[in-house]
Amino acid sequence: MTSENADYSQSIANYGAAAVKKYRDISGIRNDNEIPEIFLGGQIAIGLHDEFRLQCHVERPYLTILKELGGRIDDEVISSMGSLRSDVALYREGRPFALVELKICDERDARGGKVLADLEKMRRLSVRTQIDTYLGILLTDIDGEE
């Protein structure tokens, strides 16, 4: 499968799972909810780059992505998206075509508030640009409660 028509879902899941195992090993954490999202994003970006030869950016500002796709930046866009970043942005030939949002949730987020916030964030950019979106969720036990 070429990177132009690939479904990256399984690869994102595989690289995310490998990142969790790697972070446990290098840090000694006891609870998976201690892993930083930026570490997950970095490892997923490396994996997708190596597997599909994609250009990948970690923590890419939404405004940069919007501008790269020819979108107009005005006060409303800055207000609604100015502080938002994509955990991983995927590029082909210098142009963004997909973004990956990652969320680490534990039992305290049982109603999914963090996930819903990321879904809304992705929707805002996708509506304006038609960019593909992927959401990766790591659901863990509560930290330190044994």
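Select glutamate 101 and lysine 121: the two form a salt bridge, with their closest N and O atoms 3.1 Å apart. A salt bridge here is a side-chain nitrogen of Lys or Arg within 4 Å of a carboxyl oxygen of Asp or Glu. The pair links glutamate 101 in strand E3 with lysine 121 in helix H5, 20 residues apart. Helices (H or I, at least four residues) and strands (E, at least two) are DSSP runs, numbered from the N terminus. Both glutamate 101 and lysine 121 are buried. Buried means under 20% relative accessible area, exposed over 50%, and partly exposed in between, with a 1.4 Å probe and protein chains only.

This is a predicted model, in which local features need pLDDT of at least 70 and side-chain atom pairs count only at pLDDT 80 or more, while totals for chains, interfaces and linings use all residues. Residues are numbered from 1 along each chain as its sequence is written, and side-chain values use heavy atoms, with hydrogens and water left out.

**Other salt bridges**

The count of salt bridges comes to nine. Next, select glutamate 37 and lysine 103, whose salt bridge has its closest N and O atoms 3.4 Å apart. Glutamate 37 is in helix H2 and lysine 103 in strand E3, 66 residues apart. Glutamate 37 is partly exposed, at 22% relative accessible area, whereas lysine 103 counts as buried at 14%.

Then show arginine 128 and glutamate 76, which meet in a salt bridge of 2.5 Å, N to O. Arginine 128 lies in helix H5 and glutamate 76 in helix H4, so this pair ties together parts that are 52 residues apart in sequence. Arginine 128 is partly exposed at 39% relative accessibility, and glutamate 76 is partly exposed at 44%.

**Helix H5**

Select residues 113-129, which make up helix H5. Its 17 residues should span 24 Å at 1.5 Å a residue, and the end C-alpha atoms are 25 Å apart, which agrees. The expected span is 1.5 Å times one less than the number of residues. Colour Val115, Asp118, Lys121, Met122, Leu125 and Thr129, which are buried. Seen down the axis of H5, the buried residues fall within an arc of 125°, so they line one face of the helix. That arc is taken from the directions from the helix axis to the C-beta atoms. On the other side of H5, Leu116 and Val127 are exposed. Glutamine 130 follows H5 and has a positive phi, near 65°.

**Aspartate 87**

Move to aspartate 87 in strand E2.

**Nonpolar cores**

Finally, select Tyr8, Ile12, Ile35, Leu40, Leu48 and Leu90, the residues with the most contacts inside the largest nonpolar core, which has 24 residues. A nonpolar core is a set of buried Ala, Val, Leu, Ile, Met, Phe, Trp, Tyr and Cys residues joined through side-chain atoms within 4.5 Å. The largest share of this core, six residues, comes from H2. A second, separate core of 14 residues includes Tyr62, Ile65, Leu69 and Ala89.
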